[in-house]
Amino acid sequence: MQDIINRFISYVTIDTESDPNSNTTPSTEKQWDLANKLVEELKAMGMQDVTIDENAYIMATLPSNVAHDVPTIGFVAHFDTTPDFTGANVKPQIVENYDGRDIVLNAEQNIILSPDYFEDLLQYKGQTLITTDGTTLLGADDKAGITEIMTAMDYLIKHPEIKHGKIRVGFTPDEEIGRGAHKFDVEKFGAEWAYTMDGSQIGELEYENFNAAGAKITFQGKSVHPGYAKGKMINSMLLANQFISELPINEVPERTTGYEGFFHLHDIHGSIEETVVELIIRDHNKDHFEARKALIQTIADKINTAYEKQFGGPICEAIVKDQYFNMREKVEPVFHIVEIAEKAMKELNITPIIKPIRGGTDGAQLSFKGLPCPNIFAGGHNFHGKYEYVPVESMVKATEVIVKIAELTAQK
Ligand SMILES: [Zn+2]
């Protein structure tokens with residue numbers, strides 16, 4: 001357990017915050033610091049074909065140690081941390097034998113990690129927690145995943161009596177800004193399937209995520225002196241208002257859960273002459289997703305028809321762009337990859353928590369690039385902020401899940 005703590009701390013104390021405003025890959029130079037360290041460690045532990053490309057994508061191989069044919073599998077994690085909260089000067093604190101009470105992260109600033117607010121803490125009574133000092137994020141997302149994959153590979157190398165097929169390891173930059181899978185060379189990786197080790201609490205196993213699109217609707221208007229505007233003025237802000245009011249009122253993020261999809265209005269700005277409305281569309285079900293996109297067009301058409309004569313042409317334009325898709329359609333035909341992960345957890349006395357992700361994952365993008373890729377827990381909680389923490393026992397379990405999956409895949 002101490003090894004895993006040391007390894008984890010050596011990773012989270014290297015700042016690897018990504019930057020959505022950068023066009024380079026990796027988006028920040030500092031991600032190289034950890035990337036280069038990982039490459040050295042992979043080589044030192046005896047991994048084969050350790051490569052890092054010009055965009056800092058790392059790949060490595062653990063060769064098969066059995067004579068029969070076994071499918072090549074992969075494990076993937078990202079080494080960047082979110083730009084939402086600072087990841088510089090992380091000072092991890094270790095809470096041994098957690099007593100179920102408030103944890104003072106920072107006495108000076110009165111920052112408390114409390115089970116009154118974060119009830120999940122209580123399931124880790126008696127365990128060892130790693131927290132922040134209240135001034136940064138921790139970076140368990142996803143350096144816990146990196147730690148677990150590294151530890152599992154090291155363990156398999158030191159325990160050749162555990163039989164496994166060829167295993168590929170992939171570490172990526174820039175996942176937090178949605179680009180982790182963009183330059184991932186699936187062909188070079190050469191695995192039949194893989195798992196991202198990037199979920200949250202122990203037991204999580206995910207293979208369904210949203211279908212996602214973004215819509216931008218632009219409304220035109222006509223500005224006329226308000227005192228003499230009758231029959232002449234067209235206020236584009238009111239058109240936008242009309243558009244929004246025709247969307248289903250209950251299908252918004254704050255009123256939906258589970259498999260319920262939504263429209264989420266996230267930006268509106270305008271004047272009399274022009275108003276732009278931006279929203280995102282999310283749905284697990286492909287047909288419902290298509291219907292939601294069609295509804296945007298239907299409402300736009302209706303407004304266009306109503307104002308065609310007065311305005312002399314289309315008064316609004318809706319542009320809908322797909323963002324990512326539900327990986328379920330790519331995972332279902334090879335469902336044994338989920339079953340193997342589930343079996344591995346059960347054999348380790350972990351209760352699998354299988355639920356749809358209300359978001360996307362890198363695994364979804366990889367799945368559509370030809371590498372089916374469910375997501376497994378890495379153990380952390382409260383990602384992207386100062387209350388982030390990870391129970392060491394969960395990291396140990398995730399490491400064991402990786403080893404067990406390798407073992408089960410090689411069984412005849
Ligand atoms: Zn992550």
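**Strand pairing, E11 and E13.** I began with strand E11 (residues 211-220) and strand E13 (residues 274-283) in this predicted model. They run antiparallel, and 10 bridges join them. I looked up what faces asparagine 211: the residue opposite is aspartate 283 in E13.

**The sheet.** Next I traced the strand order. I read E12-E13-E11-E14, an open sheet of 4 strands with antiparallel pairing. Strand E12 (262-270) and strand E14 (316-324) are the edges, as each pairs on one side only. I noted an average twist of 15° from one strand to the next.

**Helices on the sheet.** I then checked what packs on the sheet. Helix H5 (residues 236-245) does, touching E11, E12, E13 and E14. The direction of H5 makes about 15° with that of E13. Helix H6 (residues 286-311) also packs there and touches E11, E12, E13 and E14. For H6 I took the angle with the direction of E14, which is about 165°.

**H1 against H10.** Last, I looked at helix H1 (residues 2-12) and helix H10 (residues 392-410). Their axes come within 10 Å and cross at roughly 100°. H1 is therefore roughly perpendicular to H10. Which residues make the contact? From H1, I listed Ile4, Ile5 and Phe8. From H10, I listed Val392, Met395, Val396 and Thr399.

Definitions and conventions. Residues are numbered from 1 along each chain as its sequence is written. This is a predicted model: local features need pLDDT of at least 70, side-chain atom pairs count only at pLDDT 80 or more; totals for chains, interfaces and linings use all residues. Two strands pair if DSSP finds at least two bridges between them. Helices (H or I, at least four residues) and strands (E, at least two) are DSSP runs, numbered from the N terminus. Axes are lines fitted to C-alpha atoms, for helices over the stretch in contact, and angles run from 0 to 180 degrees between N-to-C directions. Two residues are in contact if their C-beta atoms, placed from the backbone, lie within 7 Å. Angles under 35 degrees count as roughly parallel, over 145 as roughly antiparallel, 65 to 115 as roughly perpendicular and the rest as oblique.
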